[in-house]
Structure formats: C-alpha cells, structure tokens
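Subject: Structure handover

Hello,

Here is the structure for you to look over. Please open it next to this email as you read.

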Amino acid sequence: MEDLFITTKLRNSDCGHVIEACKASLKKLQLYYLDLFLVHFPIATKHTGVSITGSGLDEIDYML
C-alpha cells in the first residue's frame, strides 16, 4: 500500500463524531490507516448517525 495515498473525508453530519466517523471509514475501506482525513465542509448539519446515509462505496469496483 506504499504506492497509494489514501484520502477520505468527514461528512457534514458527522462533525462532533470525528473518531467514530474515521473508524467507520477505515472499516468500509478495509484499511488500518488513512494518509489524509479531510473536513469536507466546515459547517455541521444534523447528525443522523455515522454511515446511516449510503455513500455508494459498496458500488465502487475500481478501488483495488
């Protein structure tokens, strides 16, 4: 994995739940670390639970 730089982001609705959201991203990506975790937009929206809304990640077939 040294040839890849893995980046993901914090969803607006997960502000205040950063650690939980980061762990959920790691689990979805099946990784042990990230190189960069971005704050997508610095304004929070209503928190509905980490990963409640589908991200389409399961539909991506070009990640590996």
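Below is what was found in it, from the whole chain down to single residues.

**Ground rules**

This is a predicted model, so local features need pLDDT of at least 70, side-chain atom pairs count only at pLDDT 80 or more, and totals for chains, interfaces and linings use all residues. Residues are numbered from 1 along each chain as its sequence is written, and side-chain values use heavy atoms, with hydrogens and water left out.

**Overall layout**

The protein chain has 1 helix and 2 strands. Their order from the N terminus is β-α-β. Helices (H or I, at least four residues) and strands (E, at least two) are DSSP runs, numbered from the N terminus.

Of the 64 residues in the protein chain, 22% count as buried. Buried means under 20% relative accessible area, exposed means over 50%, and partly exposed is in between (1.4 Å probe, protein chains only). The accessible surface of the chain is about 5,300 Å². Carbon and sulfur atoms hold 58% of that surface. Areas come from the Shrake-Rupley method with a 1.4 Å probe; for residues, only the protein chains shown count as cover.

Now the contacts (heavy atoms within 4.5 Å). Take those between residues at least 6 apart in sequence: 74% of them join residues at least 24 apart.

**Confidence**

pLDDT is the predictor's confidence in each residue, from 0 to 100. Its mean over the protein chain is 75. In all, 64% of the residues reach 70 or more. Residues 55-64 have pLDDT below 50. Beyond near neighbours in sequence, that stretch has 5 contacts in the model. As for the elements, confidence is highest in helix 1, at 91, and lowest in strand 2 (residues 36-39), at a mean of 88.

**Helix 1**

Helix 1 covers residues 18-29. Its length checks out: at 1.5 Å a residue, its 12 residues should span 16 Å, and the end C-alpha atoms are 16 Å apart. The expected span is 1.5 Å times one less than the number of residues.

Which residues of helix 1 are buried? They are A21, A24, S25 and L26. These buried residues pack against strand 1 and strand 2. As a general point, an α-helix has 3.6 residues a turn, so residues three or four places apart point the same way.

C22 is also in helix 1. Leaving out residues up to four places away in sequence, C22 touches L34 and F37. Its C-alpha atom is 8.7 Å from that of T8, 14 residues away along the chain.

**Strand 1**

T8 sits in strand 1 (residues 7-10). T8 is buried, because its relative accessible area is 18%. Its contacts, not counting residues up to four places away in sequence, are S25, L29, L34, L36, F37 and L38.

L10 is in strand 1 too. L10 counts as buried because its relative accessible area is 4%. From L10 to S25 is 15 residues in sequence and 8.9 Å in space, C-alpha to C-alpha.

**Surface patch**

F5 comes in the segment before strand 1. F5 is exposed, with a relative accessible area of 58%. Together with L36 and L38, F5 forms a nonpolar patch on the surface, with about 290 Å² of accessible area. Patches use residues with over 30% relative accessible area and no salt bridge; like charges are joined within 9 Å, nonpolar side chains (Val, Leu, Ile, Met, Phe, Trp, Tyr) within 5 Å. A salt bridge is a side-chain nitrogen of Lys or Arg within 4 Å of a carboxyl oxygen of Asp or Glu.

Most residues other than glycine have a negative phi. Just after helix 1, Q30 takes a positive phi of about 60 degrees. Q30 lies in the loop between helix 1 and strand 2. Is Q30 buried or exposed? Q30 is exposed, with a relative accessible area of 70%.

Best wishes
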